[in-house]
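Please read them with the structure open.

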Amino acid sequence: MKKSLLAASLLAAGLSTSALANTEVTIAGWGGNDVVVLNKLVNEVLVDDFKKAGIEIKYRAVEGDFSQYITNALSAGTAPDAFYMDVAFANTFINSGKVQANSANLSNVSQSMIPSLNTAFEANGEQYGLAKDFNTIALQYNKDIFDDAEVEYPTNQDSWDDLRKKLVEVKEVLGDEVAGICVMPDYARFGPFALATGWKPFNEQGKTVLDDNFKRAFEFYTNLVTKDEVGILATDLGQGWGGGCFGTEETAVALEGNWISGYLRDKAPNLPYGTTLMPTDPKTGERGNLLFTVAWAVNADGKNVEATQKAVEILTSKKAQEWVLDAGLALPSREGLSKSEFFEQTDSESVLAKQVFDGARTGHVEPFAFRQYGAAWMTPINEALNSVLLGQMSQDEALKIAQKKYDSMTK
């Protein structure tokens, strides 16, 4: 009898293993550089892990507008089992019911992630997907420019006032040779200043209120150009972003994420630069930041939800993220990797990565996401910034108009 039971158990185990070995999981991500990264990650770095789990990965690289692709695919029932879910579109996908809430195993894995990244993909009391990597905004400074002006470098202890003072000193010495900073009329660069004051994009009633805290940050940011005269619009230098101004050594500092690293490596390989966290609000003593992040999401209508959840667990494992980090490809979402040897290095790119990584772990951090309003939510703020920076309106006039637009939008 015991032999029969043992034989039956072994047979069942064999059938289970055989069935699992044939489980195919399709995943989809961006095209471009991600193709090389994911192919190597799946077919070399994690190949034994997937084999042990009995999972065969089929990878789809999507060129062009990925959000449009995944929206259409989910609607048509042709979406892959797991896919990139940008935090900016997470609210729409989750509310559609097309994204599977995390299993107990994935919830356990999430405990190893940076807390703010988990919050970015929470809705209705549940978490959906696991953040695979992320970016925040940090401050880069040109060492040569500060040395020439004999001004102290920016530091992690600087407040807004400290930064302004240093930029004014640089301008006083170097004059028209260089601008202090390219001030971009967009929420992506301005947002961290507003968040540092304790302001929230949405209050408890779901309304956007441009209160006194917001106004204080708005005034500091626009005054860099209109009053302090240390800032300049990127377009005035023939550039489309702050990194371009910084890479051509026309500004002393820039406000960018880890994405500036590759640009500087290619376009300005000899530029000596350092990086700090965002400066703090002198009133609150806090800093703010935005999370630009992407999660691996599980298709709720997929045929192999359980196997897909296991695949996502492997794709966001410590082994996977250590390889991505060491290769200098992206910043890991696992908090424990803050002690990685990569972050102990003192070269410019490693220091930049560490400061961007730490930006997600300190101060008032909010996801670069705008509930059901999408990217259109930023428009009133961006328009207000632009009108003031171009001298078309006063700060009060621009904020009054922006508030009316938000009142109408969130009515």
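1. Tyr-187 and Phe-370 are both buried. This is a predicted model. The two residues form an edge-to-face aromatic pair, with 5.9 Å from centre to centre and 70° between the planes. Tyr-187 lies in helix 10 and Phe-370 in the loop between strand 14 (364-367) and helix 17, so the pair ties together parts that are 183 residues apart in sequence.

2. Tyr-187 and Phe-370 also belong to a cluster linked by ring pairs, together with Phe-202, Trp-259, Phe-292, Phe-368, Tyr-373, Trp-377 and Tyr-406.

3. Over the whole structure, the search finds 31 aromatic pairs. One of them is Trp-160 with Phe-193: the planes are at 65° and the ring centres 5.8 Å apart, so this pair is edge-to-face. Trp-160 is in helix 9 (residues 160-174) and Phe-193 in helix 10 (residues 187-196), so parts 33 residues apart in sequence are tied together. Both Trp-160 and Phe-193 are buried.

4. Helix 11 (residues 212-226) packs with helix 17 (residues 379-389) at an angle of about 40°, and their axes are 9 Å apart. The crossing of helix 11 and helix 17 is right-handed. Helix 11 contributes Phe-214, Phe-218, Tyr-221, Thr-222, Val-225 and Thr-226 to the contact, and helix 17 contributes Ile-381, Ala-384, Leu-385, Val-388 and Leu-389. By class, this contact has 9 nonpolar and 2 polar residues, with no charged ones.

5. Thr-308 sits in helix 14 (residues 305-315). Is Thr-308 buried or exposed? Its relative accessible area is 1%, so Thr-308 is buried. Apart from neighbours within four places in sequence, Thr-308 is in contact with Val-25, Asp-81, Ala-82 and Val-298.

How values were computed
Residues numbered from 1 in each chain as written. Predicted model: local features only at pLDDT ≥ 70, side-chain atom pairs only at ≥ 80, totals over all residues. Heavy atoms only, no water. Helix = DSSP H or I, 4+ residues; strand = E, 2+ residues; numbered from the N terminus. Buried < 20%, exposed > 50% of the residue type's maximum accessible area, 1.4 Å probe, protein only. Contact = heavy atoms within 4.5 Å. Axes fitted to C-alpha atoms, helices over the stretch in contact; angles between N-to-C directions. Left-handed = near helix turned anticlockwise from the far one by under 90°. Nonpolar A, V, L, I, M, F, W, Y, C, P; charged D, E, K, R; others polar. Phe/Tyr/Trp six-rings, centres within 6.5 Å; stacked < 30°, edge-to-face > 60°.
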